[in-house]
Amino acid sequence: MRICRRLFAIFFSCVFFALASGAGLAAVRTVGGAQATGRPFLDAAKKAAAWVRSSAIRTPEGMTWPADPKDPKSVNTTLYAGTPGIVIFFLETYYATGDKGFLGDAAGGADALLSDVVTEQGTGLYEGLSGVLFALEETFKATGNQKYRQGFLAGLERIRAGAVRKGAGVEWSSVTDIISGSAGTGLFLIYASHETKDRTWLDLASRAAARLIELGKPERGGLKWAMDPQFPRLMPNFSHGTAGIAYFLARLYQETKRKEFLDAASAGAKYLLSVASTEGETCRIFHDEPDGKDLYYLGWCHGPAGTARLFYALSEATGDASWLNWVRRSANALLKSGIPEKQTPGFWNNDGICCGLAGVGEFFLDLGRVLKDKSYLEFCDRVTARLLARATLAGNQISWVQAEHRVRPDFLVAQTGYMQGAAGIGTFLLHLDAAARGARGKIIFPDTPFDN
């Protein structure tokens, strides 16, 4: 097995360098400028880190960064747009460079987060305590400083204490989803069980899963979930709906082998495929019901780049390779969409991990590695070229000015954070740099299935 993996690493590196000699590398050289090091994606990521650094706010507790450098009040503690995601980016930059200055940046951000362990409201992954604790634990692993591990453990106890008995299990609020609800919290608890070697966190995740299964609504022979019973729209894809909840259940089945979790995850996938647009060997699922059944996003949040994670997780959980067909059909939906050269109603002026180019590029980079498909790497190269061509270069810094919201196309902001800003885009560039060397990024997010 080790020999096979090593051979594929060599193959991947050769393929990627061949691809990078085209449009992607041309764009990176433009961004990289005169001080290129022979690792152009790393050069670009370091320039993104320099831009994020430039907005740092030093406080008695540590360091923070506003999501919008022009708005100091935009400092926040979400993994989605705030300090935790920037900490992760600086940690990855440290791992890629060995430069302890980046480790110091990460530690400064983690210092500021320590006080949030006792004040953070909500337990979610991308919005809530789980994201804070993820950043603290990863900082502990990089620094060895026990204060970050102690903060991580204290926060876990807050999550345990905050679980409220409801129906067949527990919940922390009425929200169910990956972003701020029980599914994201549950994925973090799986991560915590690995970090602590303590299966009681899996037990807590299982109780949350039991409540989620109870909340599933039978539909078309499967199950679907609302983000919140009070929310008027149902969004079926990864970030706020059925795909994300079913994904958590599939991942939990892999850890526990409890059949009810796999059955519910499969039922979620069955519902999604029953409403999917599948013409031309593709797979797309509409944005929302009742108003958005003709709108198809393409990114991580509401599109194939996110929803395909469920199909991949089911292939891993069951050993049934037919699920990989739905992964490939999800990828085909993107390959045939006309992006990255053109925009679509569900893929607008956005460069980030959540809704835009970096998230699609990351998806195809992962698929190229796990499915060993050169066409996916070629598409990743095109996406990367477009991403870098859109960068704003100012001296030794780069940023991306974009529209976070599809419905606010004129609201253009260069953000620092992970899911909508330079930290996430920079992390994607670091992953490209690692892939070019036959390696991987160091930090694995709790919601990714591509961890092998």
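## Rings, charges and backbone in a predicted model

Student: How many aromatic pairs does a search of the whole structure find?
Tutor: The search finds 19 aromatic pairs. This is a predicted model, where local features need pLDDT of at least 70 and side-chain atom pairs count only at pLDDT 80 or more, while totals for chains, interfaces and linings use all residues. Residues are numbered from 1 along each chain as its sequence is written, and side-chain values use heavy atoms, without hydrogens or water.

Student: What kind of aromatic pair do F134 and F445 form?
Tutor: Their centres are 5.1 Å apart, with 65° between the planes. Rings of Phe, Tyr and Trp (its six-membered ring) pair if their centres lie within 6.5 Å; planes under 30 degrees apart are stacked, over 60 edge-to-face, and the rest tilted. So F134 and F445 are an edge-to-face pair. The pair links distant parts of the chain: F134 is in helix 6 (129-143), F445 in the segment after helix 16 (422-436), 311 residues apart. Helices are DSSP runs of H or I with at least four residues, strands runs of E with at least two, numbered from the N terminus.

Student: Are F134 and F445 buried or exposed?
Tutor: Buried means under 20% relative accessible area, exposed over 50%, and partly exposed in between (1.4 Å probe, protein chains only). F134 has 0%, so it is buried. F445 has 11%, so F445 is buried too.

Student: Why are F152 and F188 called edge-to-face?
Tutor: Because their planes stand at 80°, with the ring centres 6.1 Å apart. This pair also links distant parts of the chain, from F152 in helix 7 to F188 in helix 8, 36 residues apart. F152 is buried at 0%. F188 is buried at 0%.

Student: Which residues do ring pairs link into a cluster?
Tutor: The cluster holds F134, F152, F188, Y191, Y418 and F445.

Student: How do you know that the charged end of R408 sits over the ring of F411?
Tutor: The test is NZ of Lys or CZ of Arg within 6 Å of the ring centre and within 35 degrees of the ring normal. R408 has its charged end 4.2 Å from the centre of the F411 ring and sits over that ring. K442 sits over the ring of Y95 as well, 5.5 Å from its centre.

Student: What makes the phi of K197 worth a remark?
Tutor: Most residues other than glycine have a negative phi, and most peptide bonds are trans. K197 is not a glycine, yet its phi is positive, about 60°. K197 lies in the loop between helix 8 and helix 9. K197 is exposed, at 71%. K257 likewise has a positive phi of about 60° without being a glycine. K257 sits in the loop between helix 10 and helix 11, and is exposed at 54%.

Student: Which peptide bond has omega near 15°, and which has omega about 10°?
Tutor: The bond from E289 to P290 is cis, with omega near 15°. P290 is in the loop between helix 11 and helix 12 (304-318). I339 and P340 are joined by a cis bond with omega about 10°. P340 lies in the loop between helix 13 (322-335) and helix 14 (357-370).
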